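Please look over the structure shown here, and then read the report below, which takes up a few of its features in turn.

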Amino acid sequence: ETMISSMWNTSTCAQIAVTTDNRMGYRKKTMDTWRPWKLLATTEPPQEYDLPLGPNVSSQSVKYFKDGCGKVGVNGVFSFNAAPSAAQLIGTLPIGFRPRTSKSIILQSSKNDSMYEYIHSNGQIVLANTTPAQGFTVGRQIAIVASLFTAI
C-alpha cells in the first residue's frame, strides 16, 4: 500500500491511500477523530455488459458499465427490426445501474440528426417522440452517446 499524509495543524490531517488491489481512498482527521475511509476510485477499467434490449431492437454492441467512481455509462449502436413506436423501449438497465431520476441521453442516427432521449429511474431507455423523418427507421443504425451518471 502507498499512503500520503498531510497535516494542516495539530488537529487536522488527511490521508490518501492506494491499496495493493488497485483501490484509492481517503480519510480526514479532525480533533483527534478519524473519519471513515471513503473510496475514490479503482484503477481497473470498468467491466462492460450487454444491454438487455427492448422488442424489435437489434444491437451492434450496446454496452453499459460502472466506472471506479460509481458512475454509469451506456454506449453502442443499435437498429430497429420494425418501425419504432412513439415511446419505443430501447433497453433496460438492471438494478444497481439505474439513475436516481430520469437522465437525458443523446442518440445520433446515421442521418446525422441528434435527439435527446431518456434513461428513466426504472432503468428503461426510451425514445420520447419518434417519427421516421427523424431517422429512426427500420435497419438504420443509431448510436447511443450517454454521459456518465450516478446510479442509485
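## A buried arginine

Arginine 98 sits in the loop that runs between β10 (89-92) and β11 (103-109), where strands, like helices, are DSSP runs numbered from the N terminus (E, at least two residues, for strands; H or I, at least four, for helices). The model is a predicted one, in which local features need pLDDT of at least 70 and side-chain atom pairs count only at pLDDT 80 or more, while totals for chains, interfaces and linings use all residues. Residues are numbered from 1 along each chain as its sequence is written, and side-chain values use heavy atoms, with hydrogens and water left out.

Arginine 98 is buried and yet has no salt bridge, the nearest side chain of opposite charge being that of aspartate 50, 17 Å away. Here buried means under 20% relative accessible area, exposed means over 50%, and partly exposed lies in between (1.4 Å probe, protein chains only); a salt bridge is a side-chain nitrogen of Lys or Arg within 4 Å of a carboxyl oxygen of Asp or Glu. For charge, Lys and Arg count as positive and Asp and Glu as negative, whereas His and the chain ends are not counted.

## The salt bridge

By the rule given above, the count comes to one salt bridge. Lysine 63 forms a salt bridge with aspartate 50, and their closest N and O atoms are 2.4 Å apart. Lysine 63 lies in strand β8 (residues 63-66) and aspartate 50 in strand β6 (residues 48-50), so the pair ties together parts that are 13 residues apart in sequence. Lysine 63 counts as partly exposed, at 23% relative accessibility, whereas aspartate 50, at 54%, counts as exposed.

## A nonpolar surface patch

Ile4, Ile16, Val18, Met24, Tyr26 and Leu40 make a nonpolar surface patch of about 460 Å². The elements giving two or more residues to this patch are β2 (12-18) and β3 (23-30). Patches are made of residues with over 30% relative accessible area and no salt bridge, with like charges joined within 9 Å and nonpolar side chains (Val, Leu, Ile, Met, Phe, Trp, Tyr) within 5 Å.

Isoleucine 4 lies in strand β1 (residues 2-9) and is exposed, with a relative accessible area of 54%. Alanine 17, by contrast, is found in strand β2 and counts as buried at 8% relative accessibility.

Most residues other than glycine have a negative phi. Methionine 31, however, has a phi near 50 degrees, and aspartate 32 has a positive phi of about 65 degrees although it is not a glycine. Methionine 31 lies in the loop between β3 and β4 (33-34), and aspartate 32 is found in the loop between β3 and β4 as well. Methionine 31 is exposed, with a relative accessible area of 61%, and aspartate 32 counts as exposed at 65%.

## The protein as a whole

The protein has zero helices and 15 strands, and buried residues make up 33% of its 152 residues.

Key. Accessible areas come from the Shrake-Rupley method with a 1.4 Å probe; for residues, only the protein chains shown count as cover.
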